[in-house]
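Dear colleague,

The structure we discussed is handed over below. My notes on it follow.

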Amino acid sequence: MNKCIKCGVNIVDQTDVCPLCHCVVEAGEEEQAAGRYPDIRLKGRKLELIGRIVLFLSIVLGVLSVIINLKYQTDIWWSAIVVGGLAYVLIIMFFMIENQHAGYRSKVIIGMACGIAYLVLIDRVLGFRRWSLNYGVPAVLLIFDIMIIVVMFVNIRNWQSYLLFQIFMILCSGVCVILCYLGIIQNPAMSYAAFGISWVLFLASFIIGGKRASNELKRRFHVM
């Protein structure tokens with residue numbers, strides 16, 4: 001309900017001027033409250049629409065690639081690489097849309113896991129020469145170790161928040177070391193390097209960080 005600034009009367013009609021004095025009317029409290037905040041649902045609907053369009057185009061492109069691959073038969077199922085790449089993009093995109101307020105750690109972990117799976121898929125399609133396990137996966141872990149160092153210096157005031165991420169990298173590189181002992185990874189040099197660098201980075205942060213580092217770990221693991 002609008003209100004005339006001059007007369008002080010309430011006006012039921014949706015008009016911009018008062019019918020008595022022709023003065024500009026003021027929006028009621030309900031309308032002011034409605035226009036106070038942006039409609040965040042509109043942004044969500046737009047993202048969902050974009051997601052559905054991308055999903056449709058990905059399905060069409062994936063089906064076309066499979067049909068072409070079947071028609072022109074080759075020794076390599078390259079369509080699996082195309083479908084896998086599309087699936088990788090869709091998983092990342094829909095995770096971002098559905099978890100807009102999720103922390104960066106979960107987004108990075110999902111992206112890294114999907115990236116590693118895609119590398120293994122490409123290796124498998126091309127004959128599984130194990131380059132993805134011998135070099136690809138350890139290279140991804142080394143890159144993330146370097147990224148952790150960079151962001152720690154960029155966010156120097158809150159560097160201790162990355163300790164949990166460092167522990168996660170130790171666990172991931174530890175899996176690679178186990179695969180080396182099992183003989184699945186046949187060239188272990190990069191895997192050992194990733195495991196060693198992850199440990200060095202964590203120990204350096206913990207020892208140099210002192211009390212801030214220990215307090216952060218106690219808080220993260222709920223240790224009194």
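Aromatic rings and a few contacts

Phe195, Trp199, Phe202 and Phe206 are linked into a cluster by ring pairs; rings of Phe, Tyr and Trp (its six-membered ring) pair if their centres lie within 6.5 Å, and planes under 30 degrees apart count as stacked, over 60 as edge-to-face and the rest as tilted. This is a predicted model, in which local features need pLDDT of at least 70 and side-chain atom pairs count only at pLDDT 80 or more, while totals for chains, interfaces and linings use all residues. Residues are numbered from 1 along each chain as its sequence is written, and side-chain values use heavy atoms, with hydrogens and water left out.

The structure holds five aromatic pairs. In one of them, Phe165 and Phe168 have ring centres 6.2 Å apart and planes at 55°, so the pair is tilted. Both residues lie in helix H6, three residues apart, about one turn of the helix (helices are DSSP runs of H or I, at least four residues, numbered from the N terminus). Phe165 is buried at 8% relative accessible area, whereas Phe168 is partly exposed at 24% (buried means under 20%, exposed over 50%, partly exposed in between; 1.4 Å probe, protein chains only).

Phe195 and Trp199 form an edge-to-face pair, 6.5 Å centre to centre with 80° between the planes. Both lie in helix H7 (residues 189–209), four residues apart. Phe195 is partly exposed at 27%, as is Trp199 at 36%.

Ser161 lies in the loop between helix H5 (131–154) and helix H6 (163–181) and is buried, with a relative accessible area of 7%.

Regards

Key: Helices (H or I, at least four residues) and strands (E, at least two) are DSSP runs, numbered from the N terminus.
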